[in-house]
Amino acid sequence: FKIDQDRRVLAFHAPRSHTPVVIDNCIILHPTLQAMIPVINRQLAQWSFTPQLYAISLTLADSGTDMLLTFRHAIPPLAKDIIDIGGIARISIRTREGKPELLTEKTPVEMTLGGYAIPLPADAFLQATAEGQKLLTAAALAACEGSKSVIDLFCGLGTYSFAASSNVRVHAAEGDAEMVSAMTRSIKRHGITSLTCEQRDLFKNPFSAKELAAYDAAIINPPRLGAKAQAEELGKSNISRIAMISCNPATFSRDAKILKNYGFSLACASGVDQFVFSPHLEVVSLFHR
């Protein structure tokens, strides 16, 4: 939000409008991120390239706070001179269409998943809250009970894969190369023999029913578009238990209907309100057949 010709600060939009409201406090932020608001505002007042910024993203990892600066177009040369910001473990920059470029890293930025420290790529997908992630992981693990081999589809950074691999063999698939690379390095680093992963576009190349014959349970956590093609193949397969986690009730309903048409029944479902003070809801469900 532009206060005057030379000063900009963080702001929200007022309800149902584009009127900016300067942020002094955000009640849903973790205290560590809350403390960064005045720090960022001071930086915005000092940086000559602030008008060219499109977004500032902060992620609270287990080993520190990660910052990603996104620019509207080309990255200004002066932006690469950033060396340190108090309270930030790593700083990366990118354009809106480009990949993150590391500027500085005081300490390795990692998340703990299933008891393992996993390197966190800049702008990697994570669940919105640590509390929500615990509930969703517990539901995903329920699909693995009594199974010998599980496939984790749209696995992200391995939120559920690493936890599940403690009890069953897991193969994970994700379209994002950076997240798959982080998983691969972590599997090797920790010597995990019960977990494998691969990069795969599950929209264009879903696992076929024939490929799914190697597994008796599935975890699937698609993006807002859902997983229509993959749901069809799951329905045709011999898999008997599926945990589906969705951030879009509309595409969840569509994909759930596909599974129902192939003989699955909804064993249980619940909503996880991890998008506090918004109309969005995470849906977690377990299907049996």
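Predicted model: local features only at pLDDT ≥ 70, side-chain atom pairs only at ≥ 80, totals over all residues.
Me: Where is Thr-251 placed?
Reply: Thr-251 lies in helix 7, which spans residues 249-261.

Me: Is Thr-251 buried or exposed?
Reply: Thr-251 counts as buried, because its relative accessibility is 11% and the cut-off for buried is under 20%.

Me: Which residues does Thr-251 touch?
Reply: Leaving aside residues up to four places away in sequence, Thr-251 is in contact with Arg-224, Leu-225, Gly-226 and Ser-246.

Me: Now the sheet: what is the order of the 4 strands?
Reply: The order is 3-4-5-6 in an open sheet with mixed pairing. Strand 3 and strand 6 (101-105) are the edge strands, each pairing on one side only. From one strand to the next, the twist averages 20°.

Me: In which sense do strand 5 and strand 6 pair?
Reply: Strand 5 (residues 90-95) pairs with strand 6 in the antiparallel sense, over 4 bridges. Ile-93 has Glu-101, in strand 6, as its bridge partner.

Me: Which strands does helix 2 touch on the sheet?
Reply: Helix 2 packs on the sheet against strand 3 and strand 4, and its direction makes about 150° with that of strand 3. The buried residues of helix 2 (residues 36-46) include Met-36, Ile-37 and Leu-44. Besides strand 3 (53-61) and strand 4 (64-71), the buried residues of this helix pack against helix 1 (31-34).

Me: Why does Phe-277 count as exposed?
Reply: Phe-277 counts as exposed because its relative accessibility is 67%, and exposed means over 50%. Phe-277 sits in the loop between strand 14 (265-272) and strand 15 (282-288).

Methods. Residues numbered from 1 in each chain as written. Heavy atoms only, no water. Helix = DSSP H or I, 4+ residues; strand = E, 2+ residues; numbered from the N terminus. Buried < 20%, exposed > 50% of the residue type's maximum accessible area, 1.4 Å probe, protein only. Contact = heavy atoms within 4.5 Å. Pairing = 2+ DSSP bridges. Axes fitted to C-alpha atoms, helices over the stretch in contact; angles between N-to-C directions.
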